[in-house]
Amino acid sequence: MTRFSLTNSPIEGLVLIERTRIGDSRGFLSRVFCSDELRAAGWEKPIAQINHTRTERRGTVRGMHFQAVPHAEMKLVSCIHGEVWDVAVDLRTGSSTFLQWHAEHLSAENCKALLIPEGFAHGFQVLSDSAELLYCHSKPYTPHAEAGVHPQDPKLGISWPRPIAEISERDNQRPALSPSFTGVSL
């Protein structure tokens with residue numbers, strides 16, 4: 001019995017995962033990760049790190065983050081409390097969808113997750129009073145490989161669903177993409 005429904009997004013490699021809940025009067029169980037089942041979505045590496053974040057303010061934006069090669073990572077992002085508008089941007093050199101973005105509404109209630117391949121920047125906006133996300137990463141965090149793009153970069157044109165209420169100083173200081181940016185080579 002499969003515990004996941006996989007739906008390809010318009011961007012190659014970016015996959016929406018819907019978890020099946022098994023429940024009764026006590027509550028429910030929802031599988032977050034299974035390497036055998038998620039192989040069909042493109043996850044072929046071990047989980048190197050799992051992170052849990054909490055954001056306290058509706059309208060807050062976090063992102064757009066990625067790790068540079070050779071530390072590029074896949075992420076499986078799930079919302080376990082509240083709701084977010086989760087965004088991934090294709091930064092892969094030579095991709096037919098280079099600099100295109102795709103967003104999904106993730107919430108604790110809808111049991112959806114986004115599988116984000118290497119070479120993508122990732123961020124989200126909180127739609128509820130607070131939200132918690134669980135991230136599975138294929139590579140550990142490497143400080144010197146940390147990179148990002150400003151979430152309001154006009155070259156990306158991300159349409160955030162709410163006015164941005166808060167953004168970290170670090171994310172707000174991220175540069176816009178330069179005209180010479182040709183992408184992330186994997």
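Which side chain meets the side chain of Arg 174 in a salt bridge?

Modeller: The model is a predicted one. The side chain of Arg 174 meets that of Asp 171 in a salt bridge, with 4.0 Å from N to O. Arg 174 and Asp 171 are both buried. The pair belongs to a network in which salt bridges with shared partners join Glu 146, Arg 170, Asp 171 and Arg 174. As a general point, side chains of opposite charge can pair when their charged atoms come close.

The structure holds 13 salt bridges. One of them is formed by the side chains of Arg 92 and Asp 90, at 2.9 Å from N to O. Here too, Arg 92 is buried and Asp 90 is buried.

Another salt bridge joins the side chains of Arg 58 and Asp 129, at 2.6 Å from N to O. Arg 58 lies in the loop between E5 and strand E6 (60-67), while Asp 129 lies in the loop between strand E11 (120-126) and strand E12 (131-137), so the pair ties together parts that are 71 residues apart in sequence. With a relative accessible area of 33%, Arg 58 is partly exposed. Asp 129 has a relative accessibility of 54% and therefore counts as exposed, since the cut-off for that class is over 50%.

Ile 17 stands opposite Ala 113 in E10.

His 102 is found in strand E9 (residues 101-107). Its relative accessibility is 15%, and His 102 counts as buried because the cut-off is under 20%. The side chain of His 102 makes a polar contact of 2.7 Å with the side chain of Glu 104. Apart from neighbours within four places in sequence, His 102 is in contact with Ser 9, Pro 10, Ile 11, Leu 14, Asp 86, Val 87 and Ala 88.

As for the chain as a whole, the protein chain has 2 helices and 14 strands. Its radius of gyration is 16 Å, close to the 16 Å that the globule rule gives for 186 residues, so the chain is as compact as a globular protein of that length. Along the principal axes, the C-alpha atoms fill a box of roughly 55 × 35 × 30 Å. Of the 186 residues in the protein chain, 48% are buried. Among contacts between residues at least 6 apart in sequence, 79% join residues at least 24 apart.

Definitions and conventions
Residues are numbered from 1 along each chain as its sequence is written. This is a predicted model: local features need pLDDT of at least 70, side-chain atom pairs count only at pLDDT 80 or more; totals for chains, interfaces and linings use all residues. Side-chain values use heavy atoms; hydrogens and water are left out. Helices (H or I, at least four residues) and strands (E, at least two) are DSSP runs, numbered from the N terminus. Buried means under 20% relative accessible area, exposed over 50%, partly exposed in between (1.4 Å probe, protein chains only). A polar contact is a pair of N or O atoms within 3.5 Å; within protein, one must be able to donate a hydrogen and the other to accept it, and residues adjacent in sequence count only if both atoms are side-chain atoms. Contact means heavy atoms within 4.5 Å. Two strands pair if DSSP finds at least two bridges between them. The radius of gyration is taken over C-alpha atoms; the globule rule is 2.2 Å times the number of residues to the power 0.38.
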